[in-house]
Amino acid sequence: MINFNGTLATQDSNTITQNRGFLYGDAVFETVKIVNGKVLYLEDHYFRLMASMRVVRMEIPMNFTMEYLEEQFVSLTNQLAISASARARITVFRHDGGYYLPVDNTVSFLIHATALEVVKYSFEEKEYEVDLFKDFYITKQLLSSIKTTNRILNVAASIFASENDLDNCLLLNDSKNVVEAIQGNIFMLVGSKLITPPVSEGCLNGVMRKQILKLAKTIEEIEVVEEVISPFELQKADELFVTNVIKGIQPITKYRKKNFKVNVSKQLISKLNEIITVA
């Protein structure tokens, strides 16, 4: 028996009772964007998921090919009639059993999806304000660069942002350097130099981050580098923006008393949409 919200019930009546993702955060995930029945940046998502599973020593099933996983995403969105533009998430979790030490390393997966209103990337021309979140820090280690279901720091930061009427927060690592935003990587433009923190600083090895690094190098007047970003440098920036595969690019227009432009953000969104059109 278990006690669920004050009611005694059989253990079998609640599927999360022994779920290791629920009990220990023993799970990894990927969030993808599907356009016209295809997963954008499929190869990047697939290899990051495989790398994440290896890092946490999960056993990768023989049928976990890139084609198989895309088929699982698309079959669901087709069934929901949302394959034109959808957000989908796959969570891979180790099978029930054990405490911190698993009984074995075999896995199951769960995919869920929701419709997106638009196919192409865009952003609203309105104020988007951020500040630093300093209650907790990201550690500079390999686990920080992969997507596990232990996102309690991001949850706490989201609540902090909501309580302070902010649109987002910038997260710091244990060296007090800027690492990323709550739900994406951070880029900073200073003059003609576009900077994003290296993965070694503890930021997520983002799929959209990789695309932006590649696309920004096609803009002749911009120098693209991976460098440490100190909080003191933020107010010297000309532009700041956040990236992830669902939103694409979200420009930051205000940090404390500094307002920012959105010129390069617009250029990069245009280049992203060219890729979608080709796909």
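No disulfides here: the count is zero, taking a disulfide as a pair of cysteine sulfur atoms within 2.5 Å. The sulfur of Cys169 lies 17 Å from the closest cysteine sulfur, in Cys203, and that is too far for a bond. Cys203 is in no disulfide either. Are these cysteines buried or exposed? Cys169 is buried, at 0% relative accessible area. Cys203 is buried too, also at 0%. Buried means under 20% relative accessible area, exposed over 50%, and partly exposed in between, with a 1.4 Å probe and protein chains only.

Some ground rules. This is a predicted model, where local features need pLDDT of at least 70, side-chain atom pairs count only at pLDDT 80 or more, and totals for chains, interfaces and linings use all residues. Residues are numbered from 1 along each chain as its sequence is written, and side-chain values use heavy atoms, leaving out hydrogens and water.

Next, helix α4, residues 152–163. Helices (H or I, at least four residues) and strands (E, at least two) are DSSP runs, numbered from the N terminus.

Which residues of α4 are buried? Leu153, Asn154, Ala157 and Ala161. They sit on the same side of α4, because they cover an arc of only 95 degrees around the axis. That arc uses directions from the helix axis to the C-beta atoms. The face turned away carries exposed Ile152, Ser162 and Glu163. The cover over the buried residues includes β7 (129–138) and β8 (168–173). Just after α4, Asp165 has a positive phi of about 55 degrees.

Follow β8 onward. Strand β9, residues 178–181, runs antiparallel to β8, with three bridges. Pairing takes at least two bridges found by DSSP. Leu172 stands opposite Val178. The two strands form a hairpin with four residues between them, and Lys176 in the turn has a positive phi of about 65 degrees. Then β9 meets β10, residues 184–190, again antiparallel, through two bridges. Ala181 has Gly184 as its bridge partner. Two residues separate β9 and β10 in that hairpin.

Last stop: Arg48, in helix α2, residues 42–55. Arg48 is buried, with a relative accessible area of 9%. What does its side chain meet? The side chain of Glu30, in a polar contact at 2.6 Å. A polar contact is a pair of N or O atoms within 3.5 Å; within protein, one must be able to donate a hydrogen and the other to accept it, and residues adjacent in sequence count only if both atoms are side-chain atoms. Beyond four places in sequence, Arg48 touches residues including Lys147, Leu204 and Val207, where contact means heavy atoms within 4.5 Å.
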